[in-house]
Amino acid sequence: MIRIQQIKVPVQHTRKDIERKIRKLLSLKQEQTFTFEIWKQSIDARRGREASYVYTVDITLVMKNDQENHSLEKHLIQKLHNKNIMLTKREPYHFPQSKTAHMKHRPVIAGSGPAGLFCAYLLAKHGYAPIIVERGRKVVDRLQDVERFWRDGILDTSSNVQFGEGGAGTFSDGKLNTLVKDPAGRNRFVLETFVQHGADSSILYVNKPHIGTDCLMQVISNLRKEIVRLGGTFYFETCLTDISVQDGRLDAVVLKANGQERRLPADVFVPAIGHSARDTFEMLLRRGLAMEPKAFAVGLRVEHPQEMIQSHQYHSAAAAQLPAAAYKVTASFSGQRGVYSFCMCPGGYVVNASSETGGLAVNGMSYQKRDGKNANSAIIVSVTPDDFPGGGSHPLDGIAFQRELEQRAYTLGNGRIPQQLYGDYKAGRISKSYGSFASQTKGASTFADLNGLLPDALRQAFLNGMERFAQYIPGFDRYDAVLSGVESRTSSPVRILRSKQYESDVAGIYPCGEGAGYAGGIMSAAMDGMKTAEAIASRF
């Protein structure tokens, strides 16, 4: 097929407009028919020019046979001499052939976030009939628990923004962008799988795809039903409490549901537990899995009017006709810590994402339409094991560091999200009211002095970052920007060590996904789940 890059069309355009551009660029006669698929869509809204959409498209000429098609394609490419027009061939994702080692028992996966779900999906597709255990509830029931917490402050420590079907990413906009380079086609496979189970097909080509929390729930539910149809089994409201190890090899997992424990024999176990399963980390460490503390980042979530971000990012009269604008900002200072935006939510909400009694963590969330009045993102500062209590001498020191920050935040807000205007944060006084715009939150909030929440070095780095970002986006450091604390669950503070074959030092255990320290978002976690399934299939 032929790929054309850099097809520019006005903001207001139709598919016919793209078709006409293709015909003109390829100098095709009117009688020559063709089909095309959008491979990538982005927006060019650079200052000093009218905003436009930019497409990369793949074209298939309609000919009598493949040989004639290929011959004409080669002739066109040679004749046009255009660097943006080329021949291309897509290589679909291939799951490896199964090996012959015998698996006595069905594989067990702990966690139904993206890593666990995609590991389970591939294993189920290829006949392994996985068992998936999840401490939380099905996504529809989980939504009721989360909304009750936001409304009434009643926290279910097993079913919340962090735990339950779909994992933590379910309540964070469903962002699907990733920096992972993956020539094997896993990225595309994940996106296509989401589309097959109900996501909008635009996620296959938009520059920064997202599903939206509201739509992601149905997609996840559909994916679970397909895994069950293929032979998988889900146990919800079932917590992994222990594992049995004999002679350095997994023997069984111990599960608890309705107050009753049971032992489930297993010779393959995938802990895809997410970054917040702190009790499970402790148990796995006791049972001999090698772990190490891992650098991550903490900070505050910052809100601005979406209109302000829209105006700056698009520089165009067409700004109102374009999708809700996102931004990404980073800064590094000589001899100091990196500061950057994380989980940016256009038209989104700041949410209470707590999962432990007496602790409070925040996150950001958008619905599919991204039509909220505010933009928010976490402005976070890098931390290393040197910052942790104990200096990182214990594998779980990072968890202790998170807990300390979250308990401070809980105390500051008495269980509600503590907030402060940026100008008041710098001045060290408690805000009395919002400025020209109000915060958009899911969960109760209150004004408090966030000074003292972050350690001094992190607070100063945060302030330096805010001032620097205002050089890129004027008004980023505006007095009435709303700060909420604390953003502490950016990624796992722990890494469970594994070999190149994806196996831990306890044979039969395959640590997987963000919680195990090998991913950082929905897409990278899903792809790590796929790689783990491949590793299992390469042996059994």
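I start with a helix contact: P114, A115, F118, C119, L122 and L123 of α3 meet I522, A525, A526, G529, M530, T532, A533 and I536 of α12, where contact means heavy atoms within 4.5 Å. By class this contact holds 12 nonpolar, two polar and no charged residues. Ala, Val, Leu, Ile, Met, Phe, Trp, Tyr, Cys and Pro count as nonpolar, Asp, Glu, Lys and Arg as charged, and the others, Gly among them, as polar.

A word on the source: this is a predicted model, in which local features need pLDDT of at least 70, side-chain atom pairs count only at pLDDT 80 or more, and totals for chains, interfaces and linings use all residues. Residues are numbered from 1 along each chain as its sequence is written, and side-chain values use heavy atoms, with hydrogens and water left out.

Back to the helices. Helix α3 spans residues 114–125 and α12 residues 522–537; they pack at about 40 degrees with axes 7 Å apart. Helices (H or I, at least four residues) and strands (E, at least two) are DSSP runs, numbered from the N terminus. Axes are lines fitted to C-alpha atoms, for helices over the stretch in contact, and angles run from 0 to 180 degrees between N-to-C directions.

A search of the whole structure gives one cavity of 30 Å³ or more. A cavity, on a 1 Å grid over the protein atoms alone, is a set of points where a 1.4 Å probe fits but cannot get out; a pocket is an open set with protein on both sides within 12 Å along at least five of seven lines, and lining residues have an atom within 4 Å of a point. The largest cavity holds about 80 Å³, volume being the space filled by probe spheres set on the points, which are joined across faces, edges and corners. Its lining includes P114, F118 and I522, and by class has eight nonpolar, three polar and no charged residues. Both α3 and α6 (213–229) supply at least two lining residues each.

The second largest pocket has a volume of about 250 Å³. Of its 17 lining residues, F149, G153, N352, Y410 and G415 are the closest to the centre. Helix α4 (residues 139–152) gives the most to this lining, four residues. The classes here are five nonpolar, eight polar and four charged.

Last, the sheet. Four strands form an open, parallel sheet in the order β7-β6-β5-β11, where pairing needs at least two DSSP bridges between two strands. The twist averages 15 degrees from one strand to the next.
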